[in-house]
Amino acid sequence: MILDTIENAKAYEGLHPGIDMALKAVAAYTPENYETGKVELDGDKVFLLRNAYTTNDPAKAIFEAHRAYIDVFYMVEGEEIIYVKPTA
């Protein structure tokens, strides 16, 4: 897991072409130009799922794990607490 700010995105260039594409795309968003919806960057291989939501109470949170995909989270506005734990 990598936790950082978008200002440091260049430090992760070259990790994976899909990550490069996603970080470049999300860096352009601001609260003023953000719209929800799916944006395909490379078909079903790389895409953005732009959402707007109210965060849940941590007591109601559910665990999720990804073994086939990589998630790149970018908070355009607001804040969210994300708990992490190794899948093992």
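Reader: Where does Pro 31 lie?

Author: Pro 31 sits in the loop between helix H1 (17–26) and strand E1 (37–42). Helices (H or I, at least four residues) and strands (E, at least two) are DSSP runs, numbered from the N terminus. Before we go on: this is a predicted model, where local features need pLDDT of at least 70 and side-chain atom pairs count only at pLDDT 80 or more, while totals for chains, interfaces and linings use all residues. Residues are numbered from 1 along each chain as its sequence is written, and side-chain values use heavy atoms, with hydrogens and water left out.

Reader: Is Pro 31 buried, partly exposed or exposed?

Author: Buried means under 20% relative accessible area, exposed over 50%, and partly exposed in between (1.4 Å probe, protein chains only). Pro 31 counts as partly exposed because its relative accessibility is 38%. Of the 88 residues of the chain, 14% count as buried.

Reader: Which residues is Pro 31 in contact with, leaving aside its neighbours within four places in sequence?

Author: Contact means heavy atoms within 4.5 Å. With those neighbours set aside, Pro 31 is in contact with Val 76 and Glu 77. Val 76 is 45 residues away along the chain, yet the C-alpha atoms of Pro 31 and Val 76 are separated by 6.1 Å.

Reader: How many salt bridges are there?

Author: A salt bridge is a side-chain nitrogen of Lys or Arg within 4 Å of a carboxyl oxygen of Asp or Glu. By that rule the count is three.

Reader: Which residue forms a salt bridge with Lys 10?

Author: Lys 10 pairs with Glu 13, and their closest N and O atoms are 3.4 Å apart. Lys 10 is exposed, since its relative accessible area is 65%.

Reader: And which residues form salt bridges with Asp 44 and Asp 42?

Author: Asp 44 is joined to Lys 38, the closest N and O atoms being 4.0 Å apart. Asp 44 is exposed at 57% relative accessible area, whereas Lys 38 is partly exposed at 46%. Asp 42 forms a salt bridge with Lys 45, with 3.8 Å between the closest N and O atoms. Here Asp 42 is partly exposed, with a relative accessible area of 32%, and Lys 45 is exposed, with 66%.
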